[in-house]
Amino acid sequence: MILMLYLLRVAFEVNNNLTTVSGPAMFGTESSLSMFLNTLTPKFYVALTGTSSLISGLILIFEWWYFRKYGTSFIEQVSVSHLRPLLGGVDSAPPSSSGPSAGETDSSRQSVAECKVWRNPLNLFRGAEYNRYTWVTGREPLTYYDMNLSAQDHQTFFTCDSDPLRPADAIMQKAWRERNPQARVSAAHEALELEDSATAYILLAEEEATTILEAEKLFKQALRTGESCYRRSQQLQHHGAQYEVQHRRDTNVLVYIKRRLAMCSRKLGRSREAVKMMRDLCVFQLMKEFPLLSMFNIHENLLESLLELQAYADVQAVLAKYDDISLPKSATICYTAALLKARGVSDKFSPEAASRRGLSTAEMNAVEAIHRAVEFNPHVPKYLLEMKSLILPPEHILKRGDSEAVAYAFFHLQHWKRVEGALNLLHCTWEGTFRMIPYPLEKGHLFYPYPICTETADRELLPTVFHEVSVYPKKELPFFILFTAGLCSFTAMLALLTHQFPELMGVFAKAFLSTLFAPLNFVMEKVESLLPSGLWHQLTRI
C-alpha cells in the first residue's frame with residue numbers, strides 16, 4: 001500500500017513538472033514515469049516494502065494487545081470518539097423534555113439488577129476448602145475484589161452501631177475490617193477471651209478450621225451463643241431504635257450460622273438433615289421481613305440438596321414456588337427446571353430418530369426449557385459438557401455471567417450426569433438457542449437483552465491467571481486488526497519477492513503502473529482531441 005501511494009506521488013510530481021511544456025508533451029506521462037522507474041534500483045523497492053511491512057506489523061501487534069486488554073479496536077475507538085464528532089456524526093437532536101417511558105424505565109432497572117454482583121449461595125469455606133486448594137496447588141482461587149466484597153458483606157451482616165458498647169463486639173467490628181487473615185483470627189481469639197461471641201466463632205469456623213468437621217463444631221458453638229443473643233434482643237427490640245438494630249444483626253447472625261451448619265451437613269453426607277434445616281430456614285425467611293435475608297438465597301441450597309436425594313417431586317415443588325416471573329432468576333432455577341423436563345425424555349432421546357419423526361410434545365418442552373436456560377446463562381453448557389475445565393467457584397457471582405456458570409456447574413454437574421441421557425440432550429440442542437437470538441445485546445427472546453457488563457465484572461471475580469473467562473457473545477476480531485494483518489503479510493511478501501527476483505518485480509511494477517495510468521491517459525487524449533490545440537497551452541500559461 002505504501003509502495004502504491006509512493007509511486008502515485010512520484011507520478012503526480014512528474015505531471016507537475018510536465019505542465020510547463022506544450023499540450024501534446026503533457027501526455028507523455030507514461031514514458032516519463034517509465035524513465036524515472038528505470039533509475040530506481042531493486043534495493044529501493046526492498047527497503048520500501050520492508051519498511052511498510054515492519055510498520056504495519058507494529059500496528060498489528062499494538063492493535064491485538066489493545067483488543068485483548070480492552071475488548072475493542074484502538075483505531076475504531078479513536079475514530080468513533082474523536083473523528084466522528086468532528087465529521088458531524090454525533091446526534092445533535094435536543095433531548096426530549098418528557099421522561100422515559102415505563103418500558104424503558106423497567107428495562108434499565110432490569111439491566112442494572114442483572115449487572116449486580118450477588119453472594120454465591122453455595123460458597124465454599126475459606127479455611128477448609130479454599131486455603132487447602134492453595135496449599136496443594138500454590139494458586140489463589142479468590143481474587144482481591146471478591147474477598148473485598150466478602151469483607152463488606154461481613155460488616156453488613158455481623159456488625160451494628162451498638163457494637164462499641166460491648167468489648168467483644170467492638171473487637172470483632174475491627175476484625176471484620178482487617179485485611180490480614182492472621183490478624184482477623186487473632187482478634188477472634190481475643191474476643192472469645194472476654195466472652196462468648198457468635199461472630200468470633202463464625203470467623204474461626206470460616207477461616208481457621210482446616211476441615212469441615214472442625215468448622216461444624218465451631219458453628220455449633222456459635223449457634224448456642226447466637227440463639228441466646230437472638231432471644232435476648234427479641235425481647236428488647238421494641239424498647240428503642242438501638243435495640244431494633246441489634247435484633248436485626250442477631251437475626252442475620254442466626255440465619256447465617258444455621259445455613260452454614262446445613263451446608264456442613266450436606267458436605268458430610270447428611271443430606272436429609274441438611275434438607276430439614278434448609279426448609280426451616282426458608283420458613284423463617286418468609287416469616288421475617290428483613291431485606292438482608294433474601295441475599296442468602298437459601299432455596300438454591302435446598303434445590304441442590306434435594307437433587308442429591310433425587311427427590312425430584314420436592315424439587316418441582318420448590319421450583320413452582322420460586323420460578324416466578326416477579327422473582328429474580330438464576331442459573332440454578334433455569335437449569336434445574338430444564339433438567340427436570342429433560343429427565344422425562346432424555347433416556348430414550350435419539351437425534352436420528354427425532355429428525356425422522358419430529359419431536360414429541362414432551363421432547364419439545366424439554367428442548368424449550370434448555371433454550372430458556374441457555375438464553376439466561378449461555379456459559380453453563382460448556383462446563384456441563386466438560387468442554388471447558390472447572391475451577392473453584394468464587395464467593396460472589398454475577399447472574400448470567402461466567403462466574404455464575406462456574407458456581408452452578410461445580411455443584412450441579414453430578415446431578416446432570418446422574419440423569420441418563422440428560423447431557424446428550426443438552427449437547428444436541430443447546431446451540432439452537434443462538435439462532436433465536438441473533439443479536440443478544442440488542443434484543444432477547446424470553447429474557448431481557450444480555451447485559452454487556454458481565455465480562456468486566458467476571459474478570460474481577462475470577463482468577464484470570466489460570467482461568468480463561470468465557471465471553472458472550474463471542475467478539476469477532478475488529479476490521480482494522482484483519483486489515484493490518486493482511487497489509488503486513490502482503491508487504492512482507494512483496495519485499496521478499498523483490499529481494500529474490502528484482503528484475504521480474506521491476507517489470508511487474510512498470511506493468512502495474514502503466515495499467516493504472518492507462519484510463520487517465522485515455523481520458524486526457526479524449527480531452528485533447530475535443531479542445532482546440534492552443535487552448536491548453538494558454539491555460540498552462542495562466
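Buried means under 20% relative accessible area, exposed over 50% and partly exposed in between (1.4 Å probe, protein chains only). The views below come from a predicted model, in which local features need pLDDT of at least 70, side-chain atom pairs count only at pLDDT 80 or more, and totals for chains, interfaces and linings use all residues. Residues are numbered from 1 along each chain as its sequence is written, and side-chain values use heavy atoms, with hydrogens and water left out.

**View 1. Helix H12, residues 212-236.** Helices (H or I, at least four residues) and strands (E, at least two) are DSSP runs, numbered from the N terminus. The expected span of a helix is 1.5 Å times one less than its number of residues. Buried residues of H12 include Ile212, Leu218, Phe219, Leu223 and Tyr230.

**View 2. Helix H11 (residues 198-208) packed with H12.** The two helices pack at an angle of about 170 degrees, with their axes 8 Å apart. Axes are lines fitted to C-alpha atoms, for helices over the stretch in contact, and angles run from 0 to 180 degrees between N-to-C directions. Angles under 35 degrees count as roughly parallel, over 145 as roughly antiparallel, 65 to 115 as roughly perpendicular and the rest as oblique. H11 and H12 are therefore roughly antiparallel. Contact means heavy atoms within 4.5 Å. Among the residues that meet are Tyr201, Ile202 and Leu204 in H11 and Leu218, Phe219 and Gln221 in H12.

**View 3. Helix H15 (residues 298-308) packed with helix H16 (residues 312-322).** Here the angle is about 160 degrees and the axes lie 9 Å apart. H15 is therefore roughly antiparallel to H16. The contact involves His299, Leu302, Leu303, Leu306 and Leu307 of H15, with Tyr312, Asp314, Val315, Val318, Leu319 and Tyr322 of H16.

**View 4. Histidine 371 in helix H19 (residues 361-376).** Histidine 371 counts as buried because its relative accessibility is 14%. Leaving aside neighbours within four places in sequence, histidine 371 is in contact with Thr429, Gly432, Thr433 and Met436.

**View 5. Glutamine 155 in helix H8 (residues 144-158).** With a relative accessibility of 27%, glutamine 155 counts as partly exposed. Glutamine 155 touches Trp176 and Arg177, not counting residues up to four places away in sequence. Methionine 172 is 17 residues from glutamine 155 along the chain, and their C-alpha atoms are separated by 9.5 Å.
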